[in-house]
Amino acid sequence: MYQNNESFKYIKEIRQELKFLTNSEVRLKILIELCDKKATIKELHKLTNLKYTSLTSSLSKLEENGYVYEENDYYYLKTDTRNKLINILYLNNNFEFIQNLSNYINKHIVENEQLDAVATLPIIKNYELIKADNINPYIVVEMIEDALMYNGDVRSLNIYLHPHYEKIITTILNQESSHEMIIPYVLLERFVQAARKNKTTTKNKNFYIKAIKDKTPKIICVVSEEKLIIALVKRNGKPDNNYCICIYDDDAIRWGYQIFEEYNIKTDIKIPLHELTPNIKQSDNIMQYIVN
């Protein structure tokens with residue numbers, strides 16, 4: 001069997017570095033304080049509340065292993081150390097994110113969604129898991145509805161027929177926003193008919209429905225410049241209307257747009273709903289909008 005000894009050596013070195021940098025809380029505190037600024041031992045003492053003996057010993061080990069250097073009584077973080085530290089904090093944050101949501105994630109389908117975006121999960125801090133309860137059993141349905149009707153730049157994966165889909169479509173058509181929505185092909189005619197029922201003058205000039213014919217996505221995603229909402233599909237294949245994750249970080253919002261674009265390239269049909277006025281004949285063939 002072929003083995004790349006250089007690759008194994010590289011992986012081993014990374015593991016050793018991670019172990020050295022993370023198995024000491026003192027070293028991590030020092031590195032975090034030096035990440036954006038230089039500091040003397042006295043300043044590090046004030047910033048970390050660590051004893052001088054611990055500081056001196058840890059700085060000596062960090063300097064010996066090439067992570068920091070000392071100049072004129074000030075300690076500096078080396079550039080490559082800064083990059084490693086950022087990656088460690090990034091991984092730690094997302095481990096916590098996944099761990100906090102593990103009970104929710106484990107009950108839903110995630111492994112079949114082979115998205116490049118999953119490999120570039122950003123640092124996610126400002127989020128909450130929304131759960132329906134006896135006091136508000138429809139909170140998740142209402143949050144998704146409000147997010148879909150947000151008056152701004154919205155991209156969404158809407159994989160089931162929302163109970164208020166006609167209201168949602170009418171609202172979007174009558175506001176000056178921009179909305180692209182990806183749906184399963186089986187829902188396409190329902191959305192088209194809802195758009196044709198719109199009785200008022202359409203204000204929205206950029207509302208597109210896109211359909212996927214073959215494989216239905218297993219994720220509900222609504223993203224705008226305000227927030228990102230994600231809801232997963234249960235193991236039985238049905239959307240879960242009792243839970244959703246609401247994220248407010250700018251990086252996560254950009255990540256949400258990335259998820260949309262990955263599905264966008266898989267769509268087969270694109271229909272401008274803002275052009276479907278009531279005077280269009282019901283027999284008009286929607287297949288004319290098949291994406292080439």
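# Chatting through helices, strands and loops

Me: Which residues in α3 meet α4?
Reply: From α3, I41, K42, L44, H45 and T48 meet Y52, L55, T56 and L59 of α4. A contact here means heavy atoms within 4.5 Å. This is a predicted model, where local features need pLDDT of at least 70, side-chain atom pairs count only at pLDDT 80 or more, and totals for chains, interfaces and linings use all residues. Residues are numbered from 1 along each chain as its sequence is written, and side-chain values use heavy atoms, with hydrogens and water left out.

Me: What sits in the loop between α3 and α4?
Reply: N49 is found there. Its phi is positive, about 60°, although N49 is not a glycine.

Me: Is N49 buried or exposed?
Reply: N49 counts as exposed, because its relative accessibility is 67%. Exposed means over 50% relative accessible area, buried under 20%, and partly exposed in between (1.4 Å probe, protein chains only).

Me: Where does N72 lie?
Reply: N72 lies in the loop between β1 (68–71) and β2 (74–77). N72 has a positive phi of about 55° without being a glycine, and at 64% relative accessibility N72 counts as exposed.

Me: Let's zoom out. How many helices and strands does the chain have?
Reply: The protein chain has 10 helices and 11 strands. These are DSSP runs numbered from the N terminus: helices are H or I, at least four residues, and strands are E, at least two. Of its 292 residues, 44% count as buried. Among contacts with a separation of 6 or more, 73% come from residues 24 or more positions apart.

Me: Back to helices. How many residues of α2 are buried?
Reply: Seven of its 10 residues are buried, so α2 is largely enclosed by the rest of the structure. The buried ones are V26, R27, L28, I30, L31, E33 and L34.

Me: How do α2 and α3 pack?
Reply: Their axes are 10 Å apart, at an angle of about 110°. That makes α2 roughly perpendicular to α3 (65 to 115 degrees; under 35 is roughly parallel, over 145 roughly antiparallel, the rest oblique). K29, I30, E33 and L34 of α2 make the contact with L44, L47 and T48 of α3. By class, four of these residues are nonpolar, one is polar and two are charged.

Me: What about S24, where is that?
Reply: S24 is in the loop between α1 (5–22) and α2 (25–34). S24 counts as buried, because its relative accessibility is 13%. S24 and S58 are 34 residues apart in sequence and 8.9 Å apart in space, C-alpha to C-alpha.

Me: Switching to strands, how many residues of β6 are buried?
Reply: Seven of seven residues are buried in strand β6 (residues 178–184). S178, E180, I182 and P184 point one way, while H179, M181 and I183 point the other way.

Me: In which sense does β6 pair with β5?
Reply: Strand β5 (residues 153–157) and β6 pair in the parallel sense over five bridges; pairing needs at least two DSSP bridges. S156 stands opposite M181 of β6.

Me: One more pair: where do α8 and α9 touch?
Reply: The axes of helix α8 (residues 165–173) and helix α9 (residues 188–196) come within 9 Å and cross at roughly 55°. That makes α8 oblique to α9. Y165, E166, I169 and L173 of α8 make the contact with R190, F191, A194 and A195 of α9. Six of the residues in that contact are nonpolar, none polar and two charged.

Notes: Axes fitted to C-alpha atoms, helices over the stretch in contact; angles between N-to-C directions. Nonpolar A, V, L, I, M, F, W, Y, C, P; charged D, E, K, R; others polar.
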